Amino acid sequence: MRLRVEFTTEPFDLEEAPAHAVAAREVIQKAQLDRVDVGPFGNTAEGDAGAVLAAVAELLRGSLESGATRVSLQVNVIGEDTP
């Protein structure tokens, strides 16, 4: 099974990336995922279910420990023909 995760961390800071956002992005960028797209207002990653779920657990732990007051995420099952 393949999964896509979309996530954001809060609070936002328009001047510079807060520590919790940096921590979450580092987790996703280091994870063994096939596609990773990080941006200022949202992040997306895709991969094998095990790798995505492990990355999500680490992302939650790291961002909350780094000061996030909210983590919004959505996980979707994707197929070969899913855009």
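This is a predicted model: local features need pLDDT of at least 70, side-chain atom pairs count only at pLDDT 80 or more; totals for chains, interfaces and linings use all residues.
Select A51 to begin: this residue is found in helix α2.

**Stop 1: A51**

Is A51 buried, partly exposed or exposed? The residue counts as partly exposed because its relative accessibility is 22%, and buried would require under 20%.

**Stop 2**

Show the strands next. Four of them form an open sheet, ordered β2-β3-β1-β4, with antiparallel pairing. At the edges are β2 (35–38) and β4 (70–78), each of which pairs on one side only. On average, neighbouring strands of the sheet are turned by 15° against each other, ignoring direction.

Pick F7 and look across: N43 in β3 stands opposite.

Bring the helices back. Helix α1 packs on the sheet and touches β1, β2 and β3; the direction of α1 makes about 165° with that of β1. Helix α2 also packs on the sheet, where it touches β1, β3 and β4. For α2, the angle to the direction of β1 is about 10°.

**Stop 3: the nonpolar core**

Which residues touch the most other members of the largest nonpolar core? Select I28, L33, V52 and L59, which hold that place among the 14 residues of the core. At least two core residues come from each of β1 (2–10), α1 (19–30) and α2 (49–65). The most come from α2, which gives five.

Centre on V52 and display its surroundings. Not counting residues up to four places away in sequence, V52 touches L3, V5, L33, E46 and G47.

**Stop 4: R25**

Finish in helix α1 with R25. What is the nearest side chain of opposite charge to R25? That side chain is D37, 9.4 Å away. R25 is buried yet has no salt bridge. Display what does lie in contact with R25: A17, V38, G39, P40 and N43, again leaving aside neighbours within four places in sequence. N43 is the residue that stands opposite F7, seen at the second stop.

Note on methods
Residues are numbered from 1 along each chain as its sequence is written. Side-chain values use heavy atoms; hydrogens and water are left out. A nonpolar core is a set of buried Ala, Val, Leu, Ile, Met, Phe, Trp, Tyr and Cys residues joined through side-chain atoms within 4.5 Å. Buried means under 20% relative accessible area, exposed over 50%, partly exposed in between (1.4 Å probe, protein chains only). Helices (H or I, at least four residues) and strands (E, at least two) are DSSP runs, numbered from the N terminus. Contact means heavy atoms within 4.5 Å. Lys and Arg count as positive and Asp and Glu as negative; His and the chain ends are not counted. A salt bridge is a side-chain nitrogen of Lys or Arg within 4 Å of a carboxyl oxygen of Asp or Glu. Two strands pair if DSSP finds at least two bridges between them. Axes are lines fitted to C-alpha atoms, for helices over the stretch in contact, and angles run from 0 to 180 degrees between N-to-C directions.
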